[in-house]
Amino acid sequence: MRFGGFEGDELVYKERFVVRGSQVGVNKTANIEAIASLLQETSCNRAQRLGWSTDGFPTPPTMRKRRLIWVTSRVYIEMYKYPARDEVVEIEHWSELDGRIAARLDFIIRNLSTSEVIGRSTSKWLMMNQDTRKQQKISGEVIDEYLAICKKSPRLAFPEKNNRSLRKIPMLNEPAEYSQLGLMLP
């Protein structure tokens, strides 16, 4: 059962979720993994509503024919208040092209009862060939198909100048304190 749909002609998708017991930690609020999962669920449900997804992967028909997929290049989530168990959150989601090689997905997370913005997120997705595992430029045909589901007027989840979502992730010179090198798959 889904509680989502499009609002107006701007192709902004909104969906509501009840925070469940399995999504909260010892502090009785949702953890970051639960938030990320809700964002992914919202994005996949939007793709299904658009008729793009029959298997849970949000790819347009042209990409499917060419065996192209989206891969996450960067995700930034900023939470101001984590929702508690049984609270209802509404996630607002839209997407836009980001140059010739990427798409951007943006999200606003609100507490439904107060309408307070409790979090925001943005992510960048690159197109990759499913067989060669190499990055692909977005072709004109895919751009046309993708633009049909994008907002007509640009909008950012983080419109402020010099916001943290734009900062590059620093390179680690040494392994992290709690890391292990040389792991092997069975």
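1. Let's start with K124, which has 31% relative accessibility and so counts as partly exposed (buried means under 20% relative accessible area, exposed over 50%, and partly exposed in between, using a 1.4 Å probe and protein chains only). Keep in mind that this is a predicted model, where local features need pLDDT of at least 70, side-chain atom pairs count only at pLDDT 80 or more, and totals for chains, interfaces and linings use all residues. Residues are numbered from 1 along each chain as its sequence is written, and side-chain values use heavy atoms, with hydrogens and water left out.

2. What does K124 meet in a salt bridge? Its partner is D98, at 3.2 Å from N to O (a salt bridge is a side-chain nitrogen of Lys or Arg within 4 Å of a carboxyl oxygen of Asp or Glu). The pair links distant parts of the chain, as D98 is in strand β4 (residues 88-98) and K124 in strand β6, 26 residues apart. Helices (H or I, at least four residues) and strands (E, at least two) are DSSP runs, numbered from the N terminus. D98 has 27% relative accessibility, so it also counts as partly exposed.

3. By this rule there are eight salt bridges. One of them joins R67 to D131, with the closest N and O atoms 2.9 Å apart. R67 sits in the loop between α2 (61-65) and β3 (68-79), and D131 in the loop between β6 (117-129) and β7 (135-136), so this pair ties together parts that are 64 residues apart in sequence. With 38% relative accessibility, R67 counts as partly exposed.

4. Now for a buried pair. The side chains of D106 and R104 form a salt bridge at 2.7 Å, N to O. D106 counts as buried because its relative accessibility is 1%, and R104 counts as buried at 12%. Salt bridges with shared partners join E96, R104 and D106 into one network.

5. β3 and β6 run antiparallel and are joined by 11 bridges (two strands pair if DSSP finds at least two bridges between them). Here T72 stands opposite W125 in β6.

6. Which strand pairs with β6 over nine bridges? That is β5 (residues 102-111), again in the antiparallel sense. I109 stands opposite G119 in β6. β5 and β6 form a hairpin with five residues between them, and S115 in the turn has a positive phi of about 65°.

7. β7 pairs with β6 too, antiparallel and over two bridges. M128 stands opposite Q135 in β7. The hairpin of β6 and β7 has five residues between the strands, and R133 takes a positive phi near 60° there.

8. Last, the largest pocket, with a volume of about 650 Å³. On a 1 Å grid over the protein atoms alone, a pocket is an open set of points where a 1.4 Å probe fits, with protein on both sides within 12 Å along at least five of seven lines; lining residues have an atom within 4 Å of a point. The lining has 33 residues, and S43, C44, P58, W70 and W125 lie nearest the centre. α1 (32-49), β3, β4, β5 and β6 each give two or more residues to the lining, with α1 giving the most, seven.

Notes: Points joined across faces, edges and corners; volume = space filled by probe spheres on them.
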